[in-house]
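Please read them with the sequence and the model in view.

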Amino acid sequence: MPFSLHFSPTPLITAPSPLSKPFFLVPYYHTLHAPKSPLCSSREHALTHQGKQEAFDRRPEDSQTLPLGLRKDAMPSHVAVIMDGNRRWARLRDLPVRSGYEAGVESLRKIVEICCKWGIKVLSVFAFSSDNWFRPKVEVEFLMSLFERGMQEDTGIFFRENIRISVIGDLTKLPKALQELMVNLEEATKNNARFQLIVAVSYSGHYDVVQACQRLALKAKCGLIEPSDINVSLMEQELETNCTEFPHPDLLIRTSGEFRISNFMLWQLAYTELFFAQSLWPDFGEAEFLKALLAFQQRQRRYGV
Amino acid sequence: MEKEVMSSLKMAGNILCSASSFIRKCIFGVLRVGPIPNHIAFIMDGNRRYAKKQKLSHDGAAGGGGRYDAGFWALMVMLLYCQELGVKYITAYAFSIDNFKRKPEEVESLMASMLEKFHLLDILVKRLAVRVHFAGNLELLSNELRASAMELTEATAEYSKSVLTICIAYTSRDEILHAVLESCEQKRIDLEFDNDDDNEIKLMKVEKNMYMAVAPDPDIIIRTGGENRLSNFLLWQSCWSHLHSMWVLWPEIGVWNLVFAILNFQRNKTYYLEMKKKEKEL
């Protein structure tokens, strides 16, 4: 069943863009997400073979929602994504930048559908960073209108699919109409429990910590708490991710081959597994997402111990 | 005859060392054409796996080859290479607050190993004119270890060629919390005595109170051992850092690993500088 009228049936395998960064420019140090190399191919073959064996052993009802190789018990509850590469995608195709952003929105819709299908509870996306305000005014205005349009068009889907929307970031910098729309949508969908989409707009990890710090300082000033009571738990209650049951992402995916966090959710990423995908965000589809999840499930998480 | 063979072997060894040293100098010379990172941070993961591989004992005594000895020497070698390259700040994640959850005998062995290494470190850093700084909640350490750490910090305070920051009893969340508490306390004092009407706590105030305030943000964070996560290390400072994960275990890290990491950093430096500038403007 299509997730929305805007979707076409999702292909199982998305071909990597022929104009993506060539392999020889990419540092080869993590075989599971690097472009094809002999070692990478054999590792993926081993994983697929293991997945086939597990699928054979699995009960019929479990295999209906998850693809080969993925274990239901090891699915991440919260996945965060830095949706990088929209402008590069458009430039490589000689298209205007806005086409890249529109393709990015389509890619996001597909990933949301896949998350709902595969039982991931929360998806956080870095839609617009505090630093993005420095981009050309025309581009910023287009992005604001794209957010507005996207939220308005997909409101029906959020209700039909029981999706909760939360927006984090410094919303005071956004146009008034968009602020109102976001606040109303958050309020209207707050009881939806199947899946939560957290959209980070005008957000930075530093801003999140500093605003939490200011709130705690204000509470201490008003006598609601003692300064000596301030601990990790109180701090987390004041961070913007207090809107979800799972505030710490299990997996962070960054597309376009860049190896940095770019000021996204710094506190929350303490024990998050990082996955750097080579493809640009509009090309990031089910196949790449499956690779990321398979890689995640292979990792041994020690939480610092 | 035997003496001649030995002296020939020794000469061959010296020639090879000189040749590899020459090659290294040439490679470093090429690297210096591009931007050299000012600050490299290391997550020294893989010591236990290396010890298991080499079947090393826990005992750090002579002949026993303690589990973390090789890791210590790897850090010293990296320090030397970084100094040679012109990297001014080096940070190493030696012991996390979460590591206290390990088996008590393991923690004890690690603490004993660290205390032993501080004496060696004292000699080496004075030779290399390296300032040593310890970042972390040192109150969690034993009195002896804390005293040694403070002594080393004071003894090297005047050196300025390089700065080695050792993160011990450290997690980034603890660091941020500590900085937040300090900032709140300072704001309270400012409001009380200076009649300061501005209730806002600024980002720069929080940054000044970090354990890592002695060094700028890292340009590269290198993690050995094949994992791809930060493990509560420099979360605040890593926002624009180039993250480099390598399969090699920490005690096995070599010059080529470092060269590769720096080459990758040089590809992306322009973007990183631009972003740092924009954040300061904000």
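**Notes on the two chains**

1. Start with chain B. From its N terminus on, the elements run α-β-α-α-β-α-β-α-β-α-α-β-β-α. That comes to eight helices and six strands. Please keep in mind that this is a predicted model.

2. Burial and contacts in chain B come next. Chain B has 282 residues, and buried residues make up 52% of them. Take the contacts in chain B between residues at least 6 apart in sequence: 76% of these join residues at least 24 apart.

3. Now chain A. Its secondary structure comes to eight helices and six strands. Along the sequence the pattern reads α-β-α-α-β-α-β-α-β-α-α-β-β-α. Chain A has 305 residues, and 57% of them count as buried. Of the contacts in chain A with a separation of 6 or more, 75% are accounted for by residues 24 or more positions apart.

4. How much area is buried between chain B and chain A? The value is about 4,500 Å². Carbon and sulfur atoms give 60% of that area. Three residues stand out on the chain B side: B:R173, B:N228 and B:R229 supply 17% of the area that chain B buries against chain A, more than any other three residues. The contact takes 51 residues from chain B and 51 residues from chain A.

5. Polar pairing across the interface is next. Between chain B and chain A there are 15 residue pairs in polar contact, with both residues at pLDDT 80 or more. On the side of chain B that touches chain A, at least two residues come from each of α2 (47–54), α6 (172–193), α7 (203–208), β6 (242–245) and α8 (255–281). Helix α8(B) gives the most, with nine residues. By class, this side of chain B has 21 nonpolar, 14 polar and 16 charged residues.

6. How many salt bridges are there between chain B and chain A? The count is three. One residue pair that forms a salt bridge is A:E236 with B:R173, whose closest N and O atoms are 3.6 Å apart. Another pair is A:E273 and B:R229, whose side chains meet at 2.7 Å, N to O. The latter pair crosses between chains: A:E273 is in strand β6 of chain A, and B:R229 is in the loop between β5 (220–223) and β6 of chain B. Both A:E273 and B:R229 are buried.

7. Over all chains the structure holds 33 salt bridges. In chain A, the side chains of A:E258 and A:R88 meet in one, at 3.4 Å, N to O. This pair links distant parts of the chain, 170 residues apart. A:E258 sits in the loop between β5 (251–254) and β6 (273–276) of chain A, and A:R88 in helix α2 (residues 86–92) of chain A. A:E258 counts as buried, at 7% relative accessibility. A:R88 is partly exposed, with a relative accessible area of 25%.

8. Chain B has a salt bridge between the side chains of B:D45 and B:R223, at 3.0 Å, N to O. B:D45 lies in the loop between β1 (39–43) and α2 of chain B and B:R223 in strand β5 of chain B, so the pair ties together parts 178 residues apart in sequence. Both B:D45 and B:R223 are buried. Salt bridges that share partners also join A:D250, A:E273, A:R299, A:R301, B:E227 and B:R229 into one network.

9. Is B:H242 buried or exposed? B:H242 is buried, with a relative accessible area of 5%. Leaving aside neighbours within four places in sequence, B:H242 is in contact with A:F259, B:D219, B:I220, B:I221, B:N264, B:F265 and B:N268.

10. Last, the cysteines. A search of the whole structure finds zero disulfides over all chains. A:C222 is exposed, with a relative accessible area of 55%. The sulfur of B:C239 is 16 Å from the closest cysteine sulfur, in B:C167, again too far for a bond. B:C239 is buried, with a relative accessible area of 0%.

Methods
Residues are numbered from 1 along each chain as its sequence is written. Chains are lettered from A and ligands numbered from 1 in the order in which they are written. This is a predicted model: local features need pLDDT of at least 70, side-chain atom pairs count only at pLDDT 80 or more; totals for chains, interfaces and linings use all residues. Side-chain values use heavy atoms; hydrogens and water are left out. Contact means heavy atoms within 4.5 Å. Buried area is the accessible area (1.4 Å probe) that two parts lose on being put together, summed over both. A salt bridge is a side-chain nitrogen of Lys or Arg within 4 Å of a carboxyl oxygen of Asp or Glu. A polar contact is a pair of N or O atoms within 3.5 Å; within protein, one must be able to donate a hydrogen and the other to accept it, and residues adjacent in sequence count only if both atoms are side-chain atoms. Helices (H or I, at least four residues) and strands (E, at least two) are DSSP runs, numbered from the N terminus. Ala, Val, Leu, Ile, Met, Phe, Trp, Tyr, Cys and Pro count as nonpolar, Asp, Glu, Lys and Arg as charged, and the others, Gly among them, as polar. A disulfide is a pair of cysteine sulfur atoms within 2.5 Å. Buried means under 20% relative accessible area, exposed over 50%, partly exposed in between (1.4 Å probe, protein chains only).
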